[in-house]
Each structure stands twice: as C-alpha cells, then as structure tokens.
Amino acid sequence: MTKHPLPRLARLSAYRAPVRVQQGVTLLVALVVLLVMTITGLALVRTSTLGAGVSGSLALKQAATSGADLGLETGLAKLEALSATGSSALDVSNSSIGYYASVDPKVTAKSLAWGSAPVAAASDPLGNEVRYLIHRLCRSAGPINAAGQSCVMPQGEGCSGSSESVGSVSSCAQRPMYRITAKVIGPRDTESYVQMSTY
C-alpha cells in the first residue's frame with residue numbers, strides 16, 4: 001500500500017494551535033462601565049438643576065421680602081393720616097384703608113383678612129403684589145381707657161425710640177401700639193409676610 005502524502009493545506013492545519021473560544025467578558029465589563037458613567041452623569045445634571053432651582057426660589061423669596069417695605073411704608077402713612085384726623089378716628093375700624101381698632105392675638109399673619117386688604121402696589125418693578133393691614137393692639141374697639149379695655153402700651157418714661165421728651169403734651173405711654181402687616185405675593189406663588197410695630 002502506497003502512502004499518499006497529505007495535501008499541503010491539510011498539513012498546515014494539522015500543526016495549527018487550537019483556537020480559543022471568545023467569552024465576551026470584555027463586552028460585559030464595557031457595558032457595566034458605560035452604565036455607571038451614565039448614572040453618574042444623570043446624577044450630576046439633576047444636582048446642578050436642583051441647585052439652580054433652590055437658588056432661584058431663594059432669590060424670589062428675598063425679592064418678595066424686600067418688596068414688603070412698600071406695604072409697611074404705605075400702612076404707616078395711612079395710620080399717620082388717620083391719626084391726624086383725631087384720636088377718636090383710631091377708636092373705630094376703617095376697613096377701606098385697612099385699619100382695625102382691635103386684634104385677636106391668636107390669629108397668625110397668614111390667617112388675617114387678606115381678601116379685603118388694600119393694595120399698596122398691584123405690581124412693583126419685580127412683579128410682586130403688595131397688600132397691608134393695620135391693627136391697633138387692643139382687645140376691642142373703642143377708647144383705650146374704656147372699662148374692660150386691654151391694649152398693648154409702650155413702656156418707660158420717654159419710651160425707647162420716641163423723639164418726644166419726658167413731660168410732652170401727649171406721652172407715648174398714653175397711646176396704644178399698632179402693628180402693620182404687609183403681605184407680598186410674588187412670581188411662582190411666592191408669599192412673604194413682614195410686620196412692624198409702632199406707637
């Protein structure tokens with residue numbers, strides 16, 4: 001029997017090293033790394049957007065609080081004008097100018113009668129609506145020396161912050177205190193309440 005030599009191609013393949021099977025580990029690692037990078041990028045975008053939103057809200061709140069000065073000044077001017085007409089005008093409420101001769105101390109600023117409160121500015125330069133209310137810090141309407149009346153009065157001779165000297169015609173200790181409350185409604189439903197007391 002004669003031996004036939006193997007064809008050349010068959011001989012080369014007989015000596016070739018065995019082929020390793022691809023396992024796909026590299027692809028799996030690349031996909032996991034890509035997923036982690038995507039989640040990290042989304043978290044960074046969300047954090048920066050949230051930070052911008054918070055700082056924008058704080059800016060609107062600060063602008064609303066600053067706008068309340070207009071309401072306080074308007075309320076003070078109305079109180080002074082009402083006081084100039086005589087002390088009896090201060091003994092009764094006058095809702096048309098936002099003045100009330102008594103106040104319930106349990107009512108919070110947010111729960112006051114804002115529906116009928118006068119508007120100091122329908123729209124200031126920042127787009128805020130400003131309203132104000134004036135309350136005499138007394139339990140009920142009427143003269144401050146009426147029976148059963150209870151009012152918050154300034155304390156001390158010459159009363160701190162007063163420009164009056166001791167022994168002036170109308171001592172500050174003989175007048176009740178007043179509270180002016182301003183409410184500001186700004187963009188994006190921003191609300192701010194600011195109060196001041198005067199006598």
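This short talk goes through the aromatic pairs and the disulfide of the structure above. What you see is a predicted model, in which local features need pLDDT of at least 70, side-chain atom pairs count only at pLDDT 80 or more, and totals for chains, interfaces and linings use all residues. Residues are numbered from 1 along each chain as its sequence is written, and side-chain values use heavy atoms, with hydrogens and water left out.

Let me begin with the rings. Searching the whole structure gives two aromatic pairs, where rings of Phe, Tyr and Trp (its six-membered ring) pair if their centres lie within 6.5 Å, and planes under 30 degrees apart count as stacked, over 60 as edge-to-face and the rest as tilted. Tyrosine 99 and tyrosine 178 make a tilted pair, at 6.3 Å centre to centre and 45° between the planes. Tyrosine 99 sits in strand β1 and tyrosine 178 in strand β4, so this pair ties together parts that are 79 residues apart in sequence; strands here are DSSP runs (E, at least two residues), numbered from the N terminus. Both tyrosine 99 and tyrosine 178 are buried, a word that means under 20% relative accessible area, with exposed over 50% and partly exposed in between (1.4 Å probe, protein chains only).

Tryptophan 114 and tyrosine 193 are also tilted, with ring centres 6.0 Å apart and planes at 50°. Tryptophan 114 is buried at 7% relative accessibility, whereas tyrosine 193, at 25%, is partly exposed.

Turning to the cysteines, there is one disulfide, defined as a pair of cysteine sulfur atoms within 2.5 Å. Cysteine 138 is joined to cysteine 151, S to S 2.0 Å, and the link is right-handed, with 110° about the S-S bond.

Note on methods. Helix = DSSP H or I, 4+ residues; strand = E, 2+ residues; numbered from the N terminus.
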